[in-house]
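Please read this note with the sequence and the model open side by side. The points are numbered so that each can be checked in turn.

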Amino acid sequence: MATPETSLDAGTMYRMHVHQVARWAARLGGPSLDLEDTVHEVFVIACTRLSAFRGESSLSTWLFGITDKVVRHRRRKERWWRWLSGSAHQTAGHLAATSPDPLRIVEQDQTARDVYRVLDCLPEGDRRILILFELEELAAYEVAALLGIKAANARVRRHRARARFLKIYQEKFPVCATDVTRLRCENVSR
């Protein structure tokens, strides 16, 4: 028996979930991700596999899984590309900002790069948990649904991931402890 989600056509699925997928991809991928291309790839994969979607999970959970895999693949490719051809900053560092407030853009970009530099040092599970809780600002039950775990487990993972994040952050960016605790991920936006 087909549920409303499994009987969706590709166009409806895209219209209903494109903004959510774009947010996930932007947060999971960080500031250097080609967002438009990534979202396109996610929906190409989702559309080709839509007929095989059995409805054992929600459509959002299924799309998050695809988004997560596409972003991880792109991040691996990007690391190899940077290693082979130099960093992204060396390649595109000369481009001018298009925002009316360049100082704010630079500060946000630096904060985002610092946060993602620390996130990149964490295991994928910790990274994913922190992005969903802190950057996406999802509730524990929403994170649990996306990852297929219990809400209590999601909260425990968030607590442990925060501790590991803070430890690495303090190692990479030594500042007084009160400054670190004031660091908020709200500056990390796309």
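**Notes on the chain**

1. Leu63 is placed in helix α3, which covers residues 59–85. Helices here are DSSP runs of H or I with at least four residues, strands are runs of E with at least two, and both are numbered from the N terminus. The model is a predicted one: local features need pLDDT of at least 70, side-chain atom pairs count only at pLDDT 80 or more, and totals for chains, interfaces and linings use all residues. Residues are numbered from 1 along each chain as its sequence is written, and side-chain values use heavy atoms, with hydrogens and water left out.

2. Is Leu63 buried or exposed? With a relative accessibility of 0%, Leu63 counts as buried. Buried means under 20% relative accessible area, exposed means over 50%, and partly exposed is in between, using a 1.4 Å probe and protein chains only. Leaving out residues up to four places away in sequence, Leu63 touches Met13, His17, Val21, Trp24, Phe43 and Ala46. Contact means heavy atoms within 4.5 Å. Ile45 is 18 residues from Leu63 in sequence, and the two C-alpha atoms are 9.6 Å apart in space.

3. Thr61 is also found in helix α3. Its relative accessible area is 16%, so Thr61 is buried. Residues up to four places away in sequence aside, Thr61 touches Ala145 and Leu146.

4. Leu8 lies in the segment before α1, the helix of residues 10–29. Leu8 has a relative accessible area of 16% and is therefore buried. Which residues does Leu8 contact, leaving aside its neighbours within four places in sequence? They are Met13, Met16, Leu50 and Leu59. Met13 is also on the list of residues touched by Leu63. Between the C-alpha atoms of Leu8 and Ser51 there are 9.6 Å, although 43 residues separate the two along the chain.

5. For the chain as a whole, the secondary structure is nine helices and zero strands. Read from the N terminus, the order of elements is α-α-α-α-α-α-α-α-α. Of the 190 residues, 36% are buried. Among contacts with a separation of 6 or more, 69% are between residues 24 or more positions apart. The accessible surface is about 11,800 Å², and carbon and sulfur atoms hold 54% of that area; the areas come from the Shrake-Rupley method with a 1.4 Å probe, and for residues only the protein chains shown count as cover.

6. Two packed helices are described by the angle and the distance between their axes. Helix α6 (residues 124–135) and helix α7 (residues 140–147) have axes that come within 10 Å and cross at roughly 140°. Axes are lines fitted to C-alpha atoms, for helices over the stretch in contact, and angles run from 0 to 180 degrees between N-to-C directions. That angle makes α6 oblique to α7. Angles under 35 degrees count as roughly parallel, over 145 as roughly antiparallel, 65 to 115 as roughly perpendicular, and the rest as oblique. Ala, Val, Leu, Ile, Met, Phe, Trp, Tyr, Cys and Pro count as nonpolar, Asp, Glu, Lys and Arg as charged, and the others, Gly among them, as polar.

7. Helix α6 also packs with helix α8 (residues 151–172): the axes come within 9 Å and cross at roughly 105°. The two helices are therefore roughly perpendicular to each other. Residues in this contact include Ile129, Leu130 and Phe133 of α6 and Ala154, Arg155 and Arg158 of α8. The classes here are six nonpolar, no polar and seven charged residues.

8. Glu137 sits in the loop between α6 and α7. Most residues other than glycine have a negative phi. Glu137 is not a glycine, yet its phi is positive, about 55°. Its relative accessibility is 61%, so Glu137 counts as exposed.

9. Ala144, in helix α7, is buried at a relative accessible area of 4%. Neighbours within four places in sequence aside, Ala144 is in contact with Ile149, Lys150, Ala151 and Ala154.
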